Every structure is written in C-alpha cells, then in structure tokens.
Amino acid sequence: MRAMRPALIFALAITLAGCGRHGAGPNRLGSDETLLQVSATANGEAKPDEARFSAGVSTIGATAALASEQNNQRMSAVTTALKKFGVKDSDVQTQTLTISRIDYGANRGKFEANNVVSVRMHQVDKAGAAIAATTGAGANVLSGPDLRTADPEAATRALAGSAFKAARARADAYAAAAGLKVVRVLTIRDGGGSPPTPVWEANMAMADVAQARAPAPVMAGTNTSEVTVGVDFALAPN
C-alpha cells in the first residue's frame, strides 16, 4: 500500500462560554473558556491489491438435462483454468445458477442453463491473463474486474490520525490568532470514512467475449478513501 497523501478540508465554529456558575468538567466549558469546533477531512490513495470479476457459462440444450450437463462440463474447465493462477476454492463463489425454458426465438422449446461465479484474485497483475484463460476454457459471460484494497480499514485508520492532527493544528492556529491557547479536547466525533473507490472498472458483454482470449491489460491505478473527524476544543487566555 502506498503512503497516504492526505488532502484536508476544514470547517469551524467558535462559541464564547457564558458566565456560567459551573466549573469546567470533562465535556463542559469553564467560565473563562471558549469553545472551538473544527472539522477536518483527510483524503488518501492506496494501490489496489485485489481484483474481483465474474465469469460464467451459458449453454442451450434440447432438454434441461443436456443444457445442464454441457454447462457443468464447461464450468468445470473454467474453474480448473482459474486454479492455475492461484485462485483457491475460497476465492470462488456461486453468483447465479439457473435453468429455464426458452419460449421465443430460434431456440424456442429448448432450455438454457446459466452458471456465474464471482472470482477474487490476490495478484492484480495476473487478472487479465486469468480472464483470458476463462474464455479459453469456455466462459462466455464476463464482467469486471473491480479493483479494490483487501484491507480498507488499514487505510482509514491512517487517515483518521492525519485528520485529527490537521484539526489540532488548525485549532492551534485560530487560538494563537485570537490570543488564546488550546487547553483541552472536549469531544471527538468520527465522521466516518468512505470506502476505497476504484479509479478503473471494466465490464465485458457476451458479444465481446469471442475477442477476449488474448490477455487484456489490467492497470491497477489507485483507490481513494476519505475520513472526516470533528473535534471540540476548549480555548483559554494565554
């Protein structure tokens, strides 16, 4: 994962404490304190380390049994081809499995079987070759790849620290400009983080599958994620 490069956005509000009779508490302003509310957002980039795509087989037969048998044979060849790229059974999950009668067109009265699986690859640079291998093995239904970060929480944790540090730095700057100083943190609010957003995603229609057996280049690019934090600071005279 590449080092985060946070971009920061701020919002703030300043409130003067009233002449309250209560002393300062953990989350309460003292009579001589000022409330400063700062919101900071950090954005970062990380290189995807996981590729996901869907691969499947659609077959037509005179009977449901024939359509299903042909589909099973070709689907078995597809999953075998994937294993040559280090794809484990735990990385393949059935997505769609259907058998239906065709009631229109040239194949009216016949049966169509569909079996589509979702595939997870941990080597992004081999995704193009893996997709090409599935078409060579008989796959004629494809979509993807979707490039993502396997551990998005790790990226957001790093950004959370950057967002808080930025909020504190901004609070110090406003306090100094007002002739005050930050004396304590009252509250910290997690504004949540957006999941990593892939910068590239491709889809492949069935009509394009026949031309897809040559490995297509899969460019990992970068994924972006965002974390926002809101912090309430207590300010007091120097």
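Helices are DSSP runs of H or I with at least four residues, numbered from the N terminus. In the predicted model, helix H2 spans residues 127-137 and is followed by Gly 138, whose phi is positive, near 125°.

Two packed helices are described by the angle between their axes and the distance between the axes. Helix H1, formed by residues 64-83, packs against H2 at an angle of about 155°, and the two axes lie 8 Å apart. H1 is therefore roughly antiparallel to H2, since angles over 145 degrees are counted in that class. The crossing of the two helices is right-handed. On the H1 side, the residues that meet H2 are Arg 74, Ala 77, Val 78, Ala 81 and Leu 82. Their counterparts in H2 are Ala 130, Ala 133, Thr 134 and Ala 137. By class, this contact comprises 7 nonpolar, 1 polar and 1 charged residues.

Burial was also examined for H2. Of the 11 residues of H2, 8 are buried, so the helix is largely enclosed by the rest of the structure. The buried residues are Ala 127, Gly 128, Ala 130, Ile 131, Ala 132, Thr 134, Thr 135 and Ala 137. Among them, Ala 130, Thr 134 and Ala 137 also take part in the contact with H1.

Strand S6, which covers residues 141-148, is mostly covered as well, with 6 of its 8 residues buried. S6 is joined by 6 bridges to strand S3 (residues 50-61), and the two strands run antiparallel. Within this pairing, Asp 146 of S6 is the bridge partner of Arg 52.

Methods
Residues are numbered from 1 along each chain as its sequence is written. This is a predicted model: local features need pLDDT of at least 70, side-chain atom pairs count only at pLDDT 80 or more; totals for chains, interfaces and linings use all residues. Side-chain values use heavy atoms; hydrogens and water are left out. Axes are lines fitted to C-alpha atoms, for helices over the stretch in contact, and angles run from 0 to 180 degrees between N-to-C directions. Angles under 35 degrees count as roughly parallel, over 145 as roughly antiparallel, 65 to 115 as roughly perpendicular and the rest as oblique. A crossing is left-handed if the near helix is turned anticlockwise from the far one by less than a right angle, and right-handed if clockwise. Contact means heavy atoms within 4.5 Å. Ala, Val, Leu, Ile, Met, Phe, Trp, Tyr, Cys and Pro count as nonpolar, Asp, Glu, Lys and Arg as charged, and the others, Gly among them, as polar. Buried means under 20% relative accessible area, exposed over 50%, partly exposed in between (1.4 Å probe, protein chains only). Two strands pair if DSSP finds at least two bridges between them.
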